[in-house]
Amino acid sequence: MWDWAIWAALILVAVAGMAALVLLAVRVRDAWRGFDETRRTMIRGLDALAANAEAVAEKAAVAGDFAELEESVGRLRVSLAQLAVLRSALDEARVTFGPIAAFVPRK
């Protein structure tokens, strides 16, 4: 007598489960795309920052032999060294997670 209600409930649960899996897949894909775009933007920003910092360091070194200027150049060189460490860590992460990115669908 209640067989139709049980079957209807099972079908409803199956459809809801499939819809949830599709929604999860879409959200994971969107999150990965956001992460990938953020990573690309960050790399471009770091490259631009490094180029600008190198140019400023060269200009500051040519500008003169002032003590204050030398301190600034020293701080800049320390910052550039820190940037180099961060970039190497980013490259290392890119190498580590690079094979995983081969299995992620692209646009």
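**Figure 1. Arg29 and its salt bridge in the predicted model.** Arg29 is partly exposed, its relative accessible area being 33%. The model shown is predicted. Arg29 forms a salt bridge with Asp30, and their closest N and O atoms are 3.4 Å apart. Asp30 also counts as partly exposed, at 38% relative accessibility. The structure holds seven salt bridges.

**Figure 2. A network of salt bridges links Asp36, Glu37, Arg39, Arg40 and Arg44.** Glu37 takes part in a salt bridge with Arg40, where the closest N and O atoms are 3.1 Å apart. Both Glu37 and Arg40 lie in helix α1, three residues apart, or about one turn of the helix. Glu37 forms a salt bridge with Arg44 as well, with 3.6 Å between the closest N and O atoms. Relative accessibility is 36% for Glu37, which counts as partly exposed. Arg40 is likewise partly exposed, at 38%.

**Figure 3. The aromatic pair of Trp32 and Phe35.** One aromatic pair is present in the structure. The ring centres of Trp32 and Phe35 are 5.3 Å apart and the ring planes stand at 45°, so the pair is tilted. Helix α1 (residues 3-63) holds both Trp32 and Phe35, which are three residues apart, about one turn of the helix. Phe35 has a relative accessible area of 45% and is partly exposed.

Figure 4. Trp7 is placed in helix α1. With a relative accessible area of 57%, Trp7 is exposed.

**Figure 5. The largest nonpolar core.** Five residues make up this core: Ile43, Leu46, Ala50, Leu83 and Leu90. Helices α1 and α2 (67-101) each supply at least two residues of the core. The most comes from α1, which gives three residues. Apart from its neighbours within four places in sequence, Leu90 is in contact with Met42, Ile43 and Leu46.

Figure 6. Ala53 counts as buried, at 12% relative accessibility. Neighbours within four places in sequence aside, Ala53 is in contact with Leu76 and Leu80. Between Ala53 and Arg40 there is a separation of 13 residues in sequence and 20 Å in space, taken from C-alpha to C-alpha.

Technical notes. Residues numbered from 1 in each chain as written. Predicted model: local features only at pLDDT ≥ 70, side-chain atom pairs only at ≥ 80, totals over all residues. Heavy atoms only, no water. Phe/Tyr/Trp six-rings, centres within 6.5 Å; stacked < 30°, edge-to-face > 60°. Helix = DSSP H or I, 4+ residues; strand = E, 2+ residues; numbered from the N terminus. Buried < 20%, exposed > 50% of the residue type's maximum accessible area, 1.4 Å probe, protein only. Contact = heavy atoms within 4.5 Å. Core = buried A, V, L, I, M, F, W, Y, C linked by side-chain atoms within 4.5 Å. Salt bridge = Lys/Arg side-chain N within 4 Å of Asp/Glu carboxyl O.
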